[in-house]
Amino acid sequence: MHPSLAGLADLLDGAIVLTGSALLFWFALIEPVARDTSATVASRVVSAAYPSADVLLVVAVAQLVLTAGARSFAFRALALGAVVLLATDIVYGLETLQGT
């Protein structure tokens, strides 16, 4: 494959992951927080910023995993740590929305 096409393929992979994860996070976590009129504006902005940052983390991990290269122990540990962080952030966000 031509080197410029390989870069374009990586960019498209990232865009696909970004779009899919952004939609999931929006409907599950961000939109309910944004519509909560009982909270202050600052509280809603901060509460929406964390899932938004998680979307960027999903894209970064996807780029790491989808890009060709050696998979060392450090790579696996970094990917596992990011996945655990995402899982705990999602659980925390859902529990916060439910009030528990």
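Visitor: Which side chain of opposite charge is nearest to Asp-54, and how far away is it?
Guide: That's Arg-44, and it is 19 Å away. Keep in mind that this is a predicted model. Asp-54 is buried and has no salt bridge.

Visitor: Where does Asp-54 sit?
Guide: Asp-54 is in helix 2, which covers residues 41-66.

Visitor: And what does Asp-54 touch, leaving out residues up to four places away in sequence?
Guide: Phe-25, Leu-86 and Asp-89. One of those, Leu-86, is itself a buried residue of helix 3.

Visitor: OK, which other residues are buried in helix 2?
Guide: Besides Asp-54, you have Ala-48, Pro-51, Val-55, Val-58, Val-59, Val-61 and Ala-62.

Visitor: Some of those numbers are three or four apart. What does that spacing do in an α-helix?
Guide: There are 3.6 residues a turn, so residues three or four places apart point the same way. For this helix, Pro-51, Asp-54 and Val-58 are among the buried ones.

Visitor: What about Leu-57, is that buried or partly exposed?
Guide: Partly exposed, because its relative accessible area is 22% and the buried class stops under 20%. Leu-57 is in helix 2 too.

Visitor: Which residues is Leu-57 in contact with, neighbours within four places aside?
Guide: Ala-82, Leu-85 and Leu-86.

Visitor: Which residues of helix 3 are buried?
Guide: Phe-75, Ala-79, Ala-82, Leu-86 and Gly-93.

Visitor: How far apart are the end C-alpha atoms of helix 3, and what span should its residues give?
Guide: They are 38 Å apart, and 26 residues at 1.5 Å a residue should span 38 Å, so the two agree. That helix runs over residues 73-98.

Visitor: What follows helix 3?
Guide: Gly-99, and its phi is positive, near 80°.

Visitor: Switching topic: how far is Ser-52 from Trp-26?
Guide: Their C-alpha atoms are separated by 8.3 Å, though they are 26 residues apart along the chain. Ser-52 is in helix 2, and it counts as partly exposed because its relative accessible area is 33%.

Visitor: Where is Thr-67 found?
Guide: In the loop between helix 2 and helix 3. Thr-67 has a relative accessible area of 30%, so it is partly exposed. Its C-alpha atom is 9.7 Å from that of Asp-13, a residue 54 places away along the chain.

Visitor: Now the surface. Which residues make the nonpolar patch?
Guide: Leu-5, Leu-8, Leu-11 and Leu-12, together giving about 390 Å². Leu-12 is in helix 1, residues 3-34. Leu-12 has a relative accessible area of 47%, so it is partly exposed.

Visitor: Last one: how many salt bridges are there?
Guide: The count is one salt bridge. Arg-35 pairs with Glu-31, and the closest N and O atoms are 2.3 Å apart.

Visitor: Is Arg-35 buried or exposed?
Guide: Exposed, because its relative accessible area is 62% and that class begins over 50%.

Notes:
Residues are numbered from 1 along each chain as its sequence is written. This is a predicted model: local features need pLDDT of at least 70, side-chain atom pairs count only at pLDDT 80 or more; totals for chains, interfaces and linings use all residues. Side-chain values use heavy atoms; hydrogens and water are left out. A salt bridge is a side-chain nitrogen of Lys or Arg within 4 Å of a carboxyl oxygen of Asp or Glu. Buried means under 20% relative accessible area, exposed over 50%, partly exposed in between (1.4 Å probe, protein chains only). Patches are made of residues with over 30% relative accessible area and no salt bridge: like charges are joined within 9 Å, nonpolar side chains (Val, Leu, Ile, Met, Phe, Trp, Tyr) within 5 Å. Accessible areas come from the Shrake-Rupley method with a 1.4 Å probe; for residues, only the protein chains shown count as cover. Helices (H or I, at least four residues) and strands (E, at least two) are DSSP runs, numbered from the N terminus. The expected span of a helix is 1.5 Å times one less than its number of residues. Lys and Arg count as positive and Asp and Glu as negative; His and the chain ends are not counted. Contact means heavy atoms within 4.5 Å.
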